Amino acid sequence: MDKSAFEDRTTITGPMHAPLKHDSAHKHVAGTADYIDDMPEPAGTLHAALGLTDRAHAEIVEVDLSAVAAVPGVVCVLTARDMPHSNDISPTHLHDEPVLADGRVQFHGQPAFAVIAETRDIARRAARLARITYRDLPTVIDVVDAMATGGEFVTPPLTLQRGDAEGALERSPRRLKGKMRIGGQEHFYLEGHIALAVPGEDDEMTVWVSTQHPSEIQRMVAQVLGVPVNAVTVNVRRMGGGFGGKETQGNQFAALAAVAARKLRRAVKFRPDRDDDMTATGKRHDFLVDYDVGFDDDGHILAVHANYAARCGFSADLSGPVTDRALFHADNAYFYPNVKLTSEPLKTNTVSNTAFRGFGGPQGMVGGERIIEEIAYALGKDPLDIRKLNFYGDGDSGRDVTPYHQKVEDNIIRRIVDELEASADYQARRAAIIEFNRSNRVIRKGIALTPVKFGISFTLTHLNQAGALVHIYTDGSIHLNHGGTEMGQGVYTKVAQVLADSFQIDVDRVKITATTTGKVPNTSATAASSGSDLNGMAAFDAARQIKERLVAFAAERWQTTAENVSFVPNHVKIGEELVPFAELIRQAYAARVQLSAAGFYATPKIHWDRATGRGTPFYYFAYGAAVSEVSIDTLTGEYLVDRVDVLHDVGRSLNPAIDLGQIEGGFVQGMGWLTTEELWWDEKGRLRTHAPSTYKIPLASDRPKIFNVRLAEWSQNVEKTIGRSKAVGEPPLMLPISVLEALSMAVASVADYRECPRLDTPATPERILMAVERLRQI
Amino acid sequence: MAQESGSIRFILNDTEVALSEVAPTATLLDYLRLEHRLTGTKEGCAEGDCGACTVLVGRLVRDGRGEEGLVYESVNACIRFIGSLNATHVVTVEHLAAKDGTLHPVQQAMVDFHGSQCGFCTPGFVMSLYGLWLTNDNPSRAAIEKALQGNLCRCTGYEPIIRAAEAAARERPSALFDPITRTREAVTARLEALRQTETIVISKGEDCLILPVDATDLARVLAEHPDATIVAGSTDVGLWVTKQMRSLNPVIFIGGIAELQRIESSEAGLTIGAGVSYTAARDALSAAYPTLGCLIDRIGGDQIRNMGTIGGNIANGSPIGDSPPPLIALGATVTLRLKDSTRSLPLEDFFIAYGRQDRKPGEFVESVFVPALHAGQHFAAYKVTKRRDEDISALLGAFRISLDGDRVKTARIAFGGMAATPKRAKAVEAALIGQPWTEDTIRKAQAAFEADYQPITDWRATAAYRLLAAKNLLMRFFLESTGEIVQLQRFEEVA
């Protein structure tokens, strides 16, 4: 009989659905959480710096690196010719993205060489001494330039259509067209890119990289070095933020560090300066949306035709799936009876844009919400009324099919919006704001309620797979490893909870270990909000396998049946006997039971045929809504976000504390994207906002002054996800579309709400003031 | 000839260090991370904007009554040069938790309220919150936000960090618990012993850094080294090094010169020494001139305000420095010193052209005198930025007018961000003087801005916006003088 202190305990610490703290929280606050630059360096570690070009588009006539190489402490200088096997790191295998520019510069700041030196300071100083001669070529910086000069695509565009959009537009009682520019966004992960390559024996290379995609880094390093993938091991314990910016953009630093490490047989660390990082790595795509909508006098949408043109930069990178996802979210939560959506992934002489939380979805959704706003102003109605008229309906309504022909089967947007409208007191506050605006000349207010419906799954179906590796050691302690990477979002914590819950042991018995390609192979990026969904299920599967073996063993040893064996807090109940978990493990080991398992998961049900634009690309949808209230100063365009109320759906939360953090953080990050974060290129194609002094992400004093965030606690996923939870990483980023629309309403007040202000984003104070001026002329 | 010694001495957490080999522009951050492997302090941007490198620096400071005390301030280690640390106590995040690993209340609250996600910014936040915790046991939300203006977080949206700050403020287990409180007396004594009494010179090869012992010594050293770079807070010069990779030699650190740290108040006005930080000047300026306290609160974050000086802001001559426009509007004069002679000139005349000031080789800015506001003078300064806090001005307007009855008697208006230097709006002034103080006059005077300024378009604003906003700031100034509420305010109270 067990006599331990835990005898009477009926619960474990850290089960699924508990608000467990982030596993590294204690280390974060103590300064003892090691990021790659904090790890002890191998003896003799060298340091690298990028040599950047200063043309947006040019032939390289001559590169004189003699002054660079002559700096004392410089060990070598790498150019494209020094790549042992391949100079290509294009993630979509289009061979359009060199590690180092070779013969041609395609964006201002494109790296042309790398300096390897005894110290980082020496490498950075030396990198400035190159003399590069160019022959300038015509440049295309902006989407509009690209369209005007033939509109070359970096990847094939997509068309989604259902019904007869053109015909329905012509037959519509009302119709309006417009354009909207939606700005890009710099990730501004607080920890910049970094890679540390350590050469091993033979062809082996171990690389520590701040990456969301270790398997991709592994493949790219192998490709550039010309070694089999099995020679390269990539490790990452944690990132200081990723947000999509470390899905493909770490390839260049890892590849260069590995090439130098191979050549010099010394460890090489590559940590670019913040300015170089912002110059040489991709960002969220900015878009130009052209829309044409037909509707009736009540505000029912009859047809939508929209084109989404994106600045993709010089190469494809992930622009194909990003622009696809924009189209997948142009409908947001609204049924379009007739629809045609097209994308234009345009080539420009700018850094190649990449993944960023939402992955095109936010830009698609902003365009869709602009259409709602336009209809509301045209009809003199509250945009919320137009939203309610156009929400997707239930299965029997005939209004449940998306532009990509997937049925919306888990629709809860009405309940979310109705509850939030009531709890935030939306109607009374809107009336009070309209009254306020009547009596205030300079300060104006606005309020808006906007919904979010976001599709969960990689739209490239085969990526929806994951693996986990679980070992139980003879003392009953558990080693957990899986393909998910930790960038602050808490996936390590959530998956550990899954394991603790499965075995019914305290979570501190689970050792969370660094993600490594050596333990779980062929992983997908931790992206598309999928980390917990996929890796949680893979870990669950590994636990299931081990538990089945333990149950079979226990049933045999204790002479009972499997049904009489159950996992209870920190014990296994076998018949009437409570056996401590560690004791069962000890006995299982002695009986030669395998205590290790590789788990695997592949998302069911989904499929997607891009050529026909039909399928079920998403396993399920996550929903949410926000009400935002703002004040603007009509003399300067400055504004404040006074209050935000959020109701968000995470299914049955795996960890409510972490999920709330994702929602609050995603909201503020999305708000920054739509308000103060502005990327600005000069006439030479030089990005001039390449540091926090010039690129302004939100501060504590920018967050909503009143910020009420609630989970829709009644929700659970209709699909069999881990614990019936839903993904949370990306969907909240789109909640602050409500801030944009509230700003728009405040602007519209100066013309008595007769005109849609058509605010472009980011809605900086300048754009607000200029919109006020425009409306005052009307 | 003053005596010379050759080492920088300070306390790092609980260890006294004496460095006799220091490069002129070696940064505190690299020193912590590379020399001591104190890797809790992070590099996020290397330009004093993100706060991931925040540490506290304690030093003996004389307050308004002349009492000396040990004051700890948050600073950015990434742009803080080692040479400026003599006789200070540097406290890093590793110093907070007890030896047995028990977290400090500030750290524990950050854990309890889920204040970290990726964790990279967290040590910097902990240090800023710790600086607040030391001085305020019941901070308002305004005070917390102000303490965090210099810290960027990309994950949390800040809400849990604010809640942690509120909770931590109430947690004070015992005086012995807190590492700074516990050692306050001992550290004070040690810093007194480390106080500089002679010129410090450290040179090796071409490298040379000098810490003059007083203003006369500074004048002497500058006369010998007219090409030297003077460093006070290094909030600007720091970036020449970390971003432009400039080699500066020699470097003269003036942070230890007590005479330059003085603020003298008289009926005529305020005299502010060139070494006075924004933080140190704030209360005196705020008391004497309306809106200047709020303006200073929007310059950088606490870390920058604790380091940066008004003298440096003037001497560097940036067209977008925030202190020159209000000082020009107030009629300030700047005093420069060359060897034993000083001269004073109107501040507006100091700025000759972009990047060019009226400062001779070997000359330095000693102080700035700001005339008191007379009864009947109205004054305000307004900063316009993309992001409200910790942003560089798109434009900044400052206005001082006096009325004779209902007519404008005098007007001094100056703007930053509108020209290559901080510059007066003389055409606008002329359009106001003698006219009735009415909205109609303002509307007519607004047009005169086009004669005064031809601003540029850059990443902070277009020329059209700058001009329009400048005109509107004049309207704001007028409307406020009539009592109309025309400015957004996040909080009623000032932090």
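Q: Against which elements of chain A do the buried residues of H11(A) pack?
A: This is a predicted model, so let's read the packing from its contacts, which pair residues with C-beta atoms within 7 Å. Judged that way, the partners of the buried residues of H11(A) are strand S14 (301-313), helix H10 (361-379), strand S16 (443-456) and helix H18 (737-748) of chain A.

Q: Why do the buried residues of H11(A) line one face of the helix?
A: Helix H11 of chain A spans residues 383-390, and its buried positions are A:Pro383, A:Leu384, A:Ile386, A:Arg387 and A:Asn390. They line one face because, looking down the axis of H11(A), they fall within an arc of 160 degrees.

Q: Which residues have the most contacts inside the largest nonpolar core?
A: That core has 365 residues. The residues with the most contacts inside the core are A:Val115, A:Val207 and A:Ala257.

Q: Which element gives the most residues to the side of chain B that touches chain A?
A: On this side, 64 residues of chain B are in contact with 68 residues of chain A. Helices H2 (105-112), H3 (122-135), H5 (159-170) and H18 (463-481) of chain B each give two or more residues. The side divides into 34 nonpolar, 15 polar and 15 charged residues. With 7 residues, the element that gives the most is H18(B).

Key:
Residues are numbered from 1 along each chain as its sequence is written. Chains are lettered from A and ligands numbered from 1 in the order in which they are written. This is a predicted model: local features need pLDDT of at least 70, side-chain atom pairs count only at pLDDT 80 or more; totals for chains, interfaces and linings use all residues. Two residues are in contact if their C-beta atoms, placed from the backbone, lie within 7 Å. Helices (H or I, at least four residues) and strands (E, at least two) are DSSP runs, numbered from the N terminus. Ala, Val, Leu, Ile, Met, Phe, Trp, Tyr, Cys and Pro count as nonpolar, Asp, Glu, Lys and Arg as charged, and the others, Gly among them, as polar. A residue is buried if 20 or more other C-beta atoms lie within 10 Å of its own, exposed if 12 or fewer, and partly exposed in between; C-beta atoms are placed from the backbone. The arc is that of the directions from the helix axis to the C-beta atoms. A nonpolar core is a set of buried Ala, Val, Leu, Ile, Met, Phe, Trp, Tyr and Cys residues joined through C-beta atoms within 7 Å.
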